[in-house]
Amino acid sequence: MNKVIEKQLKINDAKLFINGEYVNAVSGETFDTINPATNQKLAAVASASGQDVERAIQVAHRTYENGIWSKMPVEVRARILCRMSDLVMERVDELALIETLDVGKPIKESRDFDIPRAASNLRFFAEMAKYINHEHYEQSKHMSYTKYAPAGVTSLIIPWNLPFMQMTWKASAALAAGNTVIVKPASYTPLSAVMLGEIANEAGLPPGVLNILTGPGGTVGTAMTTHPNVRRISFVGESSTGKTVMRNAASQLIPVSLELGGKSANIVFEDADLDEAVAGSIEAVFRNQGEICLAGSRLLVQETVYEKFLEKFVSSVKNIKVGDPLDENTDMGALISKSHLETVDNYVQIGISEGAKLAIGGKRVEGLSQGNFYEPTVLYDVNNKMRVAQEEIFGPVLVVIPFKTEEEAIQIANDSIYGLAGVVWSNDLRRAHRVASQINSGLFWINCWYYRDLRTPFGGSKASGIGREGGRHSFEFYTEAKTITMKL
């Protein structure tokens, strides 16, 4: 660990943020958040109970009903959110350090991408809210028009892999639409999310509009997804938990948006620029330690270039530097927990036992035993029916599958319970677009990966989720459409 940086940053214990104030949990209970790179305690975090959730929801509901935010002119709301965006960038170094220490990811990712993207989220949805169109239609004797009103209290449940970015991705749109919000960050990574409360207060967000609850999902998450005063739920996480959220929401008929798991196919054709495909494919599976739902974790390579591509790929993997997340030269940091590291390693052993071959990696990083560091791993000659090809590992493990024809590549790519994303590498753009149109996924990239225009819909099909957010799709979800008709 970089001791100089560690000493410069004082990490405070984290409290709940309710009604514009930081408060202890009613029970006084706390839990520890751990630095994945050292497995040492970072801070004590307030552990909310059902009583805390009830208070937060009542505050959010009362704030929504009194109209201080929901009826505020959209231009004024936008100015406050844009001020929050500015404050995020003013504190980018501090937020990035907190994010890196809590998540285990490289500092260059937190500072240069995650936190700036969070600031962009706030500004984008603030600005877009001013230009949401209200339709109107005229007939000979009547005119109808549609208004989009804020839905009400919104529950947001955020994952641990991209906590601050994901929090702002959800909260920015919900707030811009005029809703009041309750956020539950993941218990593994609560620290950056809690800091948004300070930023909200400084920007002038009215008390009660944004509330942040830390604590166990079984208690906090369940209460947030079953309360009758909650009118929208947006969840990001694994598919099995998403099913639970959906069941909970059904009890109160609460609309849900679910962004769930993935096992995306990354397809390399023989006519691709192989060097470009290698670089992009490494990014697609090892970025954020592979702990990303969009990871291109199934690499499909055409047989005619299979050996050549694999050789280039493995050679490049050898250059990935795994180590101290605070080191500017680190490419891959620590996995989120000891138990997750064990899960990832167990999958590698399962793959080998199923007949997959190990090209590189497959074990903990030597010399870094104090943290949860795992080598970037490549399993090749994989059959798509193997567990390692079908189940989401959510770690730095790539499975490589050969294919002969375009039709076979499409069949293999779609042979999955997931349908989140996909990638194709080819210089034949007719083929690339043809393949893109036939892959069952909510997102697809051609000769690139992870580029996002916030105006476009984001979400998956099958076990990868329900609904779309992004641009107007976010506003459609976080609002209630009302049609008003009058006689002319």
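Let me start with the largest nonpolar core, which has 106 residues in this predicted model. Val268, Phe286, Leu294, Phe309 and Phe313 are the members that touch the most other members. Take valine 268 as an example. Setting aside residues up to four places away in sequence, valine 268 touches Leu274, Ala277, Ser281, Leu299, Leu300, Val301, Gln302, Phe309, Phe403 and Trp425. There is also a second, separate core, of 29 residues, and Ala265, Met386, Ile393 and Ile401 are included in that one.

Some of these names come back in the next item, a pair of helices. Two packed helices are described by the angle between their axes and by the distance between the axes. How do helix H10 and helix H11 pack? H10 covers residues 274-286 and H11 covers residues 306-317; the angle is about 55°, and the axes are 10 Å apart. Angles under 35 degrees would count as roughly parallel, and 65 to 115 as roughly perpendicular, so H10 and H11 are oblique to each other. The crossing of H10 past H11 is right-handed.

Which residues of H10 and H11 meet? On the H10 side they are Leu274, Asp275, Ala277, Val278, Ser281, Ile282, Val285 and Phe286. On the H11 side they are Lys308, Phe309, Lys312, Phe313, Ser316 and Val317. Sorted by class, this contact has 9 nonpolar, 2 polar and 3 charged residues.

Helix H3 spans residues 74-90, and helix H5 spans residues 107-129. Here the angle is about 170° and the axes are 8 Å apart. Over 145 degrees counts as roughly antiparallel, and therefore H3 and H5 are described that way. From H3, the contact uses Val74, Ala78, Leu81, Cys82, Met84, Ser85, Asp86, Val88 and Met89. From H5, the residues are Ile115, Pro116, Ala119, Ser120, Leu122, Arg123, Ala126, Glu127 and Ala129. The class count is 13 nonpolar, 2 polar and 3 charged.

Is alanine 78 buried or exposed? Its relative accessibility is 4%, so alanine 78 counts as buried. Apart from neighbours within four places in sequence, alanine 78 is in contact with Ala126 and Lys130. Alanine 78 and threonine 244 are 166 residues apart in sequence, and their C-alpha atoms are 34 Å apart in space.

Serine 172 sits in helix H6, residues 163-176. With a relative accessible area of 0%, serine 172 is buried. Beyond residues up to four places away in sequence, serine 172 touches Leu81, Asn121, Leu122 and Phe125. Leu81 and Leu122 also belong to the contact of H3 with H5.

Leucine 253 is not a glycine, yet has a positive phi of about 55°. Leucine 253 is in the loop between helix H9 (239-250) and strand S11 (256-259), and at 71% relative accessibility it counts as exposed. Aspartate 381, also not a glycine, has a positive phi of about 55°. Its loop runs between strand S15 (377-380) and helix H13 (387-390). Aspartate 381 has a relative accessible area of 30%, so it is partly exposed.

Conventions. Residues numbered from 1 in each chain as written. Predicted model: local features only at pLDDT ≥ 70, side-chain atom pairs only at ≥ 80, totals over all residues. Heavy atoms only, no water. Axes fitted to C-alpha atoms, helices over the stretch in contact; angles between N-to-C directions. Helix = DSSP H or I, 4+ residues; strand = E, 2+ residues; numbered from the N terminus. Left-handed = near helix turned anticlockwise from the far one by under 90°. Contact = heavy atoms within 4.5 Å. Nonpolar A, V, L, I, M, F, W, Y, C, P; charged D, E, K, R; others polar. Core = buried A, V, L, I, M, F, W, Y, C linked by side-chain atoms within 4.5 Å. Buried < 20%, exposed > 50% of the residue type's maximum accessible area, 1.4 Å probe, protein only.
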